[in-house]
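User: I am new to this structure. Please walk me through it in short questions and answers.

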Amino acid sequence: IILYSSSLRYLYKMSLAVSLRRALLALLSGAIFILTVLYWNQGATKTQAYNEALERPHSHRDGSAFPIPVEKSWTYKCESDRCLRVSHHGKSGKRVSFISCSMTCGDINIWPHPTHKFLLSPHTHSFSVEDVQLQVDTSHREVRKQLQLAFDWFLKDLRQIQRLDYAGSAAEPAVSESSSKLRRHVDSESPAASLFGATFGVKQAGDLASVQVKISVHKSGDVNFSLDNDESYQLTSNTDGHRLLVEITANSYFGARHGLSTLQQLIWFDDEDRLLHTYANSKIKDAPKFRYRGLMLDTSRHFFSIEAIKRTIVAMGLSKLNRFHWHLTDAQSFPYISRHYPELAEHGAYSESETYTEQDVREVAEFAKIYGVQVIPEIDAPAHAGNGWDWGPKRGMGELAMCINQQPWSFYCGEPPCGQLNPKNNHTYLILQRLYEELLQQTGPTDLFHLGGDEVNLDCWAQYFNDTDLRGLWCDFMLQAMARLKLANNGVAPKYVAVWSSALTNTKCLPHSQFAVQVWGGSTWQENYDLLDNGYNVIFSHVDAWYLDCGFGSWRATGDAACAPYRTWQNVYKHRPWERMRLDKKHRKQVLGGEACMWTEQVDENQLDNRLWPRSAALAERLWTDPSDDHDIDIVPPDVFRRISLFRNRLVELGIRAEALFPKYCAQNPGECI
């Protein structure tokens, strides 16, 4: 019995020891887990932000990291409509982020500035993108479809702004129609909850249970682009308990889409609570001053991917530019693969991978419509057409073009390589007709189409047609191209057929009732006045203000080969040719709008974003708002600096590598550097 009792005590002690070891092992595992979690989240719990920076090698920056860093060291306070930076080192209490201060201090901080009235509440609410819901109020089926697509991309952009599933690019939507109905709420707000939430992807709830966006379009069911589109809208928001009710009312899809762009800019991400914020109440009434607000990209001198073009369109939509002028081809290359004449790309593209298919063009056009942007393709003719047009004799179609790559180039064209279409070959016109037909099918019905028509070199044609009135030949070519465009458009000529300004447009051989002129010459040139006096509608693209490729030096060993100087965003913003020319009411009506041009001799995909933005945004406000300007010719008001700086940051949030405007110190301290 004694032996049995001793054995029991021994076994009990052994089992107790095993239990203790297991308990200690479990505690140790738990401690290791907690330490691991703390280590992973040390950036969220450290009060000394610079310690983390010292631990991280600068040469190995994470490419997927969000491009705007959190500034835990500073808090901001509003004084005299300016945000003042104050040190927050080692201090307790809530930090006010720069963006939250900027959005609640001073004038409305959206771009372009509304043209009519606006009212914003000083009070704000917080929420998450999952709290946002859509209600569409329209009887027009196509309008409803477009608004649902636009709202999906609106949510996708909000996800990126809130830094959810950040991928660093604006490529494909991470949301569907069901996403607009999804809401997620987390009640815990403790530091521990925040810590584990950051680790396991659980999101804190804001003070709003839902943000309900109602979009109403009753008047027009048209989703096709026209210079007569009503782009006005009204936006109101009101708080009802824990709900924010937002209503966008417009007469057309296009006005409603601009309302969504404004709503996006009334929302910001606060890195203190990691939630989206917006105003408790707001009211905005807005409409553009000019109908045509364009941006041109040349994809012949350098090729640009569909992703880069889409990224450009995203920025256009946010800034309310509404016409993407796609200069598809030129003498350098012919990247478009035609269904009827694939030989053009076979002989003219830089490579098989640097081409655009019909599906590519259609995809860009459909994507652009989601952002309220029309795609206007251009096949420049008769000049600026060389490589890609040299296969005619092999097909029994004769010489389609002349002077292709001819030397010395300075005798036969404005820049190498040379090339000009054959105005006396009917096959040339048939090919143009088929190209117009394809592009119209891919980009949709339109009341505006661009034929090109600039910089014809008469000496090139003189080698072949020295017994002909060469200016008359040029005029005949453009009229023939116009007739072929009409056939391609089911027998209906677009209301506006655009051509570049040139010596031809001064001859008055093109009827002003059918042709509009894109004026690219200097803003002080006499042609500006002559074209208006001759009755033409015009689109201004003055080289001395709105050519964004200027100022980067010569790209050739001889000759000028470049315009100069660099056009700053202030140059773009301050340019008001209709005021400088002192146009009367009649001539003012002939100004359809303006367009910034990006010729790409010295630009490829690596520089595209920072060459375009935020300078193109400066054009956007000039054409949307056209604010009065009583300042000196080179002076921009401090408020404009403040708003465009914040808009530039919004572009960066969306993965657009916009150019810096000034040192970051100046951005953090508004008004101090101006």
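**Disulfides and buried sites**

Analyst: The S-S torsion of Cys666 and Cys673 is about -90 degrees, so this disulfide is left-handed. A disulfide here is a pair of cysteine sulfur atoms within 2.5 Å. This is a predicted model, where local features need pLDDT of at least 70, side-chain atom pairs count only at pLDDT 80 or more, and totals for chains, interfaces and linings use all residues. Residues are numbered from 1 along each chain as its sequence is written, and side-chain values use heavy atoms, with hydrogens and water left out.

User: How many disulfides does the structure hold?

Analyst: The bond between Cys666 and Cys673 has an S to S distance of 2.1 Å. Another joins Cys475 to Cys509, at 2.2 Å. The total number of disulfides is seven.

User: Is Cys105 buried or exposed?

Analyst: Cys105 pairs with Cys78, and their sulfur atoms are 2.0 Å apart. Buried means under 20% relative accessible area, exposed over 50%, and partly exposed in between (1.4 Å probe, protein chains only). Cys78 has 42%, so Cys78 is partly exposed. Cys105 has 2%, so Cys105 is buried.

User: What is the handedness of the disulfide of Cys475 and Cys509?

Analyst: Cys475 has 6% relative accessibility and counts as buried. Cys509 has 25% and counts as partly exposed. The torsion about their S-S bond is about 125 degrees, so the disulfide is right-handed.

User: Which residue has its backbone nitrogen 3.0 Å from a polar atom of the Asp609 side chain?

Analyst: Asp609 lies in helix H19, residues 608–612. Helices (H or I, at least four residues) and strands (E, at least two) are DSSP runs, numbered from the N terminus. At 6% relative accessibility, Asp609 is buried. The backbone nitrogen at 3.0 Å belongs to Arg657.

User: How far apart in space are Phe303 and Glu354, C-alpha to C-alpha?

Analyst: Phe303 sits in the loop between strand S12 (292–298) and helix H8 (306–319). Leaving aside neighbours within four places in sequence, its contacts (heavy atoms within 4.5 Å) include Pro335, Glu354 and Glu605. Phe303 and Glu354 are 51 residues apart in sequence, yet in space the C-alpha distance is 6.1 Å.

User: Is His89 buried or partly exposed?

Analyst: His89 is in the loop between strand S2 (82–87) and helix H4 (98–104). Thr75 is 14 residues away along the chain, with the two C-alpha atoms 9.4 Å apart. At 34% relative accessibility, His89 is partly exposed.

Key. Polar contact = N/O pair within 3.5 Å; in protein donor to acceptor, adjacent residues only side chain to side chain.
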